[in-house]
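Hi,

Here is the structure I promised to send over. Have a look at it first, and then read on for what turned up in it.

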Amino acid sequence: MQYDVNQDGYYGDFGGAFIPEMLYANVEELRLRYMGILKDDGFKNDFKQLLRDYVGRPTPLFHASRLSDKYGRQVFLKREDLSHTGAHKINNTVGQILIAKRLGKRRIIAETGAGQHGVATATVCALMGLECIVYMGDTDVKRQQPNVLKMKMLGASVVTVESGNKTLKDATNEAIRDWINHPEDTHYIIGSVVGPHPYPDLVTRLQAVIGEEISWQIREQTGKDVPDCIIACVGGGSNAMGAFYPFLDNESVRMIGVEAAGKGIDTDETAATLACGRPGIIHGSKTMLMQDDDGQIIEPYSISAGLDYPGIGPVHSYLHITGRVEYYSVTDEQALEAALELTRLEGIIPAMETAHALAILGKIETGPDDVLVVNLSGRGDKDMETYIKAFENEQD
Amino acid sequence: MNRIDKLFETKKSAILSVYLTAGFPELEDTCHVIRELADKGVDMIEIGMPFSDPLADGPLLQVCNQQALNNGMNVSLLFDQLRSIRETVDIPLLLMGYLNPVLNYGMDNFCREAADVGMDGVILPDLPVREYTGQFQKFFQHHGLHMIFLISPQTSVERIRQIETLGSGFIYMVSSASTTGVKNGFQPEQISYFRRIKEMDLNLPQLIGFGISTQETYRQACKYANGAIIGSAFMKHLMDEGSISKKVSTFINQIRP
């Protein structure tokens, strides 16, 4: 495929594996083995069965008729929010835990921002009886308490990270350091299409089930071969890649990724990496990166802990540069409005991250009969405190 | 002749290399610390360029990196500070840091400036061998700088042989699977790794780093390699009260009485 990673682990100029020697053996083992495992019939069966019986796939594709009426086109919602643990993150963790077992690893580590990936990792570790350590920034531990308690109830150790800004970037640093210190028995389950090769490709392939289902569901429900447009929010970019991947080579499918502008891309408080970043190296990957004039990594800001990341998956940097995918950004305020709109029109409370994708509906031009799919990547339970606060302020 | 090569030509054992973070504890302390270390007989110095996200470093050096950044340290300021260092210091000097600030500065510019202020080598732990040979080796060679590669206990024999061929100056042996920081002595498996590397009879000298903090660990490292590198233990000492000159001399006296 035209947009696949090449043999050297690159998407155009982006990607690669910029890792210290201490991680080389681990990453190399994964690089040499992942495709073989993904193509193995035993793995494919186990993965399929767990996605069906444990995660609850296929997730529905829902025709949102009131939302469609409002925007004058056909809007479908891919209901990843109905997955076990409430977001698309579990597709990746189920796949990676099966890989970890095949690599003979006994100990699992993960980073988490909002806690969704942490919960999804702790969940599959409980399922498989593997030790689980989740790194989470102190700021996020405080603002995402319910997910911290869930991880602990699932038997995971949650390590509070005190370095840097104490958010997702720092949690990822700490997870990588843990891996350096435990090279033999540990597998690192990265939560997005970020990190050194082969992670961006591996996570893309594990999430691609989203797009594969959209493909037959859209045919079943509309008679069209493909949707006209697919929309997804982008932090690291795993739910977007999952939805886009099977359609990338079909140029008739328009694709839109939505970044978090925070308080606006012309302010210092933003997480819109493609809008504000320059090429750089973060967490072992060359990609667009928010950095200062000296090449120090800038702490991003977004109301959504899951989009609060100064980098972006290298594949998105490539899809951006080549123009294959259009990227926009929406502010905290626009996302909050979109969350409330979906709740009132369709009775679905979306995750704060997902709300960014929904907020683009009113901003893009499409034909009246166009079929649009929005990847509803997660549910809003974890964001209730943010929503309540925002709407209280509105009423004041 | 590159000062690193000259050093290893004249001295085969008990080489002591010390790491410091540039711009720590105060922005203007960089050259002061370097001069004091050189005065106390240290054989080589690694000057750390601070980075916001130092992945291969433990908690102590993260704190030092952050403080140096808060002090205002950056790559071009460091070159300014080092501009006259060769008037007073003769021993080999290396720059150590992470790739992003260097790429941001421009690899060609970086190598030119580094050579211009009298640096002898560079250590970039997150620059993989393949990227180095593909894009950057020419700049290092052109400016006469050594690129120092790391090996760890997990590095395969095949890869060590490759690094031996591509690297120059010396090989930086990471003593265990770990980030930087003080540990309690060496474990038997570390000693057997040291032996294994010694028996490979590599054509580049080797220095052992990570976890060297005392006279005892320094001596042990020197038994198996040409010398040792001390970082975190020295930086921890620099955090104590007292003048830089006093702190440097008490520390070096502890390691080499």
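A quick definition before the details: a salt bridge here is a side-chain nitrogen of Lys or Arg within 4 Å of a carboxyl oxygen of Asp or Glu. Do keep in mind that this is a predicted model.

**Salt bridges**

Counted that way, there are 38 salt bridges over all chains.

Another one is A:Arg79 with A:Asp81, at 2.8 Å between the closest N and O atoms.

**Helix 5 of chain A**

Next, take a look at helix 5 of chain A, residues 116–128. At 1.5 Å a residue its 13 residues should span 18 Å, and the end C-alpha atoms are 19 Å apart, which agrees. How many of those residues are buried? The count is 11 of the 13, so the helix is largely enclosed by the rest of the structure. Among the buried ones are A:Gln116, A:His117, A:Val119, A:Cys125 and A:Met128.

What covers them includes helix 2 (41–55), helix 4 (89–102), strand 5 (107–112), strand 6 (131–137) and helix 7 (145–153) of chain A. Just after helix 5, A:Gly129 takes a positive phi of about 70°.

**Pocket and cavities**

Now for the empty space. Rolling a probe the size of a water molecule over the atoms shows where such space is left.

The largest pocket has a volume of about 570 Å³. It is lined by 20 residues, and the closest to its centre are A:Phe47, A:Lys48, A:Leu51, A:Val209 and A:Glu212. Helix 1 (21–39), helix 2, helix 9 (199–207) and helix 10 (209–222) of chain A each give two or more residues to this lining. Helix 2 of chain A provides the largest share, 8 residues. By class, the pocket lining divides into 10 nonpolar, 2 polar and 8 charged residues.

There are also 5 cavities of 30 Å³ or more. The largest cavity holds about 410 Å³ of space. Of its 35 lining residues, A:His88, A:Lys89, A:Gly191, A:Gly306 and A:Leu307 are the closest to the centre. Helix 5 turns up again here: along with strand 5, helix 8 (168–181), helix 11 (238–244) and helix 15 (352–358) of chain A, it gives two or more residues to the lining of the largest cavity. That lining has 11 nonpolar, 19 polar and 5 charged residues.

Cheers

Key: Residues are numbered from 1 along each chain as its sequence is written. Chains are lettered from A and ligands numbered from 1 in the order in which they are written. This is a predicted model: local features need pLDDT of at least 70, side-chain atom pairs count only at pLDDT 80 or more; totals for chains, interfaces and linings use all residues. Side-chain values use heavy atoms; hydrogens and water are left out. Helices (H or I, at least four residues) and strands (E, at least two) are DSSP runs, numbered from the N terminus. The expected span of a helix is 1.5 Å times one less than its number of residues. Buried means under 20% relative accessible area, exposed over 50%, partly exposed in between (1.4 Å probe, protein chains only). Contact means heavy atoms within 4.5 Å. On a 1 Å grid over the protein atoms alone, a cavity is a set of points where a 1.4 Å probe fits but cannot get out, and a pocket is an open set with protein on both sides within 12 Å along at least five of seven lines; lining residues have an atom within 4 Å of a point. Grid points are joined across faces, edges and corners, and a volume is the space filled by probe spheres set on the points. Ala, Val, Leu, Ile, Met, Phe, Trp, Tyr, Cys and Pro count as nonpolar, Asp, Glu, Lys and Arg as charged, and the others, Gly among them, as polar.
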